[in-house]
Amino acid sequence: MSNRTIKRIMLAIIVFNVTLMSLAVWGLAQGATESAAGGGLTDAGMKTIGAGLAFLGGAVGTGMAQSRIIAAVLGAVAEDPGQLGFGIFLIAFPETMLILGFVMSFILKG
Amino acid sequence: MSYEYLNTRLRYMKKKMLGPEQFRSYLGMHELDELITVLAETDYAEELEKSSVEFSGYEMIENALIQHVQRLFSKLYRMSFDDAKMLTRVLLERFEVFNLKTILRGFHVGNDPEDTGHSLFPTILYPTAFYQELLKREGISSVVDYLLTVGNRYYKPLSEALPEYETSKKLALLESALDSYYFGGSRKTLQAVGDENAKNVRKIIGMETDILNMVYALRLIESEVSSEEKYRYILQGGERLGDAEVRDLLSSSDKPTFTRKVADSYYGNKLGDLAENITANDLQEKLENFLYQQNCHFDPGSTFDIHMTSSYIWRKNVEVTNLRVIASGIWRRAPQEDVISRLIWIEGMMPEMEAVKGAA
């Protein structure tokens with residue numbers, strides 16, 4: 001496994017996370033616009049902020065876990081390239097937190 | 001990069017180290033060829049193959065071991081980063097100081113430089129050629145001059161202590177100057193880093209300082225030195241024994257008083273019963289064995305700190321030293337009891353000593 005391939009995999013993961021994050025920010029901005037138009041913080045606005053926070057928590061947690069896992073996986077792959085498959089699984093594993101946050105934000109938005 | 005990266009790689013490197021069963025089988029061997037054949041199936045294969053082009057027999061193993069340590073320590077040093085690199089350097093520099101002291105001692109007692117060369121530990125911070133050049137010098141002052149020529153930092157403490165050494169011929173002056181410079185410099189580096197990892201490395205360095213101070217104190221008691229001069233060579237920065245405690249040890253009137261004081265200290269519990277008339281050499285052996293046990297097991301399994309790097313360096317040191325002892329024992333046809341007594345017995349790395357003795 002070359003360094004270039006590893007960099008590509010890392011880039012794909014970053015792009016995926018940024019896309020999800022952008023979606024959440026977009027949702028939050030929409031909710032805020034709606035509540036501003038209504039002249040105060042409405043239930044819908046509160047729900048949107050809650051949804052954003054639920055997603056944000058998952059994203060931050062995933063980022064913290066992945067930063068350490070990626071470093072460890074890079075170390076393992078440097079010593080034994082055969083560990084790449086299992087390494088990618090380990091890198092992807094914390095994404096479940098992000099997905100849970102994403103699902104929770106949908107539930108909150110109704 | 002982070003400790004997770006470094007420590008994951010170290011786990012792989014640690015897995016390739018030799019275990020108790022391998023050492024047990026090596027201890028039963030009578031021919032160097034047997035040892036070379038089995039070592040060629042381990043992580044030493046690469047170096048043995050390279051070494052076989054130029055050398056044979058014991059020289060081949062010796063050269064392969066040197067290259068092996070240099071490859072792994074260079075790799076470890078390259079893998080380290082930022083603060084971890086500074087801490088690794090402090091840990092590795094200990095071997096450079098050990099080598100410089102060995103060379104000075106060799107010249108002091110008029111040893112054959114080739115024999116002194118065999119006692120050096122393979123290192124990476126200074127190249128092998130550097131030590132070869134030092135061994136070619138005519139004497140200690142010439143060694144110090146060479147250090148100045150190549151811009152080695154240990155020139156400074158040695159050149160300061162040299163005039164006094166030349167009049168008194170006390171090797172302790174030079175050894176103490178080197179130790180003080182290394183331990184003092186290391187403490188400054190560790191203070192600058194200042195985090196938990198630096199504190200852990202400081203513990204290791206501090207414990208070694210205590211051990212040097214205790215052995216030094218007993219040597220002076222053995223030589224019945226009573227002048228105030230003896231307090232000059234106390235190394236600062238001990239982990240368990242501060243300046244006052246070391247002074248108290250040095251002021252002991254005789255060996256029984258000294259051993260009682262040591263027994264009451266932290267090290268008394270760790271060393272077990274000490275004979276009242278223990279020699280400095282025996283005490284040094286006991287303390288060094290304790291230091292090896294501590295530092296080889298200085299790894300609570302945490303992935304996020306310097307413990308693993310430190311224990312790896314010490315374990316590799318023990319592994320290579322023991323292989324050298326075994327290979328040299330086979331080569332010289334030394335009795336197995338001699339080989340067994342010269343090995344470093346670390347629990348988990350080496351087989352049970354009693355079992356090996358019984359089999360012998």
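In the predicted model, domain 1 of chain B and domain 2 of chain B bury about 1200 Å² between them, of which carbon and sulfur atoms give 69%; buried area here is the accessible area (1.4 Å probe) that two parts lose on being put together, summed over both. Local features are reported at pLDDT of at least 70 and side-chain atom pairs only at pLDDT 80 or more, while totals for chains, interfaces and linings use all residues. Side-chain values rest on heavy atoms, with hydrogens and water left out, residues are numbered from 1 along each chain as its sequence is written, and chains are lettered from A in the order in which they are written.

Chain B is divided into domain 1 (1-79 + 297-360), domain 2 (92-194) and domain 3 (196-296), with bounds that come from an automatic or database domain assignment. The centres of domain 1 and domain 2 of chain B, taken over C-alpha atoms, are separated by 26 Å, and the contact (heavy atoms within 4.5 Å) takes 13 residues from domain 1 of chain B and 11 residues from domain 2 of chain B. Of the area that domain 1 of chain B buries against domain 2 of chain B, 36% is supplied by B:Gln70, B:Phe73 and B:Arg324, more than by any other three residues.

Between these two domains of chain B the rule finds 0 salt bridges, a salt bridge being a side-chain nitrogen of Lys or Arg within 4 Å of a carboxyl oxygen of Asp or Glu. On the side of domain 1 of chain B that touches domain 2 of chain B, helix 5 (57-79) and helix 17 (307-332) of chain B each supply at least two residues, and the largest share, 8 residues, comes from helix 5 of chain B. Helices are DSSP runs (H or I, at least four residues), numbered from the N terminus.

Turning to the two chains, 11 residues of chain B are in contact with 10 residues of chain A, and about 870 Å² is buried between chain B and chain A, 61% of it on carbon and sulfur atoms. The count between chain B and chain A is 3 salt bridges, including one in which the side chains of A:Glu79 and B:Arg9 meet (3.0 Å, N to O). Helix 1 (residues 3-15) of chain B gives the most to the side of chain B that touches chain A, with 6 residues.

The mean pLDDT (the predictor's confidence in each residue, from 0 to 100) of chain A is 81, and 75% of its residues reach 70 or more.
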